[in-house]
Amino acid sequence: MINENYFETYFYLSRNELIISVFQKNNSIKIYDKALKNENNLKDIDYSKVEIFLEENIIQIEKINKNFLNEIYLVVEHKESLHTGISLKINNDRNIITEKDINYLLKDAKQQIRQNYFNRSIIHMIIESYLFDGVKYTYLPKEQNCSNFCLDIKFICISKKMIKELELIFQRHHIFIGKIICANYAKDFFSKETLDICTMARNIHGGCNENEIILIPKTSKKKAIFERFFHFFS
């Protein structure tokens, strides 16, 4: 068998179209790509069609990979995805802003979003700007001191109920959801480029937005909802 780590599979879901694409990890070449357009103008994602489309493509993908399809990345376009922002401020007494300061604000912001939107899960967390004594930066300057520091953070969340429905579909086929990516976020980020949606999502997942806080599973790989920070200051 070929090592499953040589490939990545992305599954785009929307009310109008389903797409499944497989990429080689080492060179980003797409080795499999299938799409299904919904003829009817559906009001929501049809989960029964998602499962049928998945079943129709699993065998073909496993033949190409010469291995079982165990992990998939979902690219979700849904009208009820929540985009919200939060701004947090600290008085810094002319001290240098440290990694510890940033992490404290990030954790505080995340906790506030969880408390206010308890029926949703965070799938993206993006730093939109850093404000040092009223001066805005889109990146974190090194060795920057200030009296007042403000961090503007954007969150993208989706319904926990929706995640559960999707998890059940893929669990029935012994497939773990590695990450959920917001399709509209990917499209906005690559609005000036001519990329297909799965390639956009793959690039987002690869960390192309340096201001996105990458979230990883809280416990084991069996969990599909991402829960804590890593790589932000690497």
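The model is predicted, so I note the limits: local features need pLDDT of at least 70, side-chain atom pairs count only at pLDDT 80 or more, and totals for chains, interfaces and linings use all residues. Residues are numbered from 1 along each chain as its sequence is written, and side-chain values use heavy atoms, with hydrogens and water left out.

Strands. I take helices (H or I, at least four residues) and strands (E, at least two) as DSSP runs numbered from the N terminus; two strands pair if DSSP finds at least two bridges between them. Strand β6 (residues 120-132) pairs with β8 in the antiparallel sense over eleven bridges. On β5 (residues 82-96), I read twelve bridges to β8 (residues 145-159), again antiparallel. Asparagine 95 has cysteine 146 of β8 as its bridge partner.

Cysteines. I searched the whole structure for disulfides (a pair of cysteine sulfur atoms within 2.5 Å) and got zero. Cysteine 182 counts as buried (under 20% relative accessible area; exposed is over 50%, partly exposed in between; 1.4 Å probe, protein chains only), because its value is 3%. Cysteine 198 is buried too, at 1%.

Threonine 199. I place this residue in helix α5 (residues 197-205). Threonine 199 is buried, because its relative accessible area is 17%. Leaving aside neighbours within four places in sequence, I list Phe23 and Lys30 in contact with threonine 199, where contact means heavy atoms within 4.5 Å.
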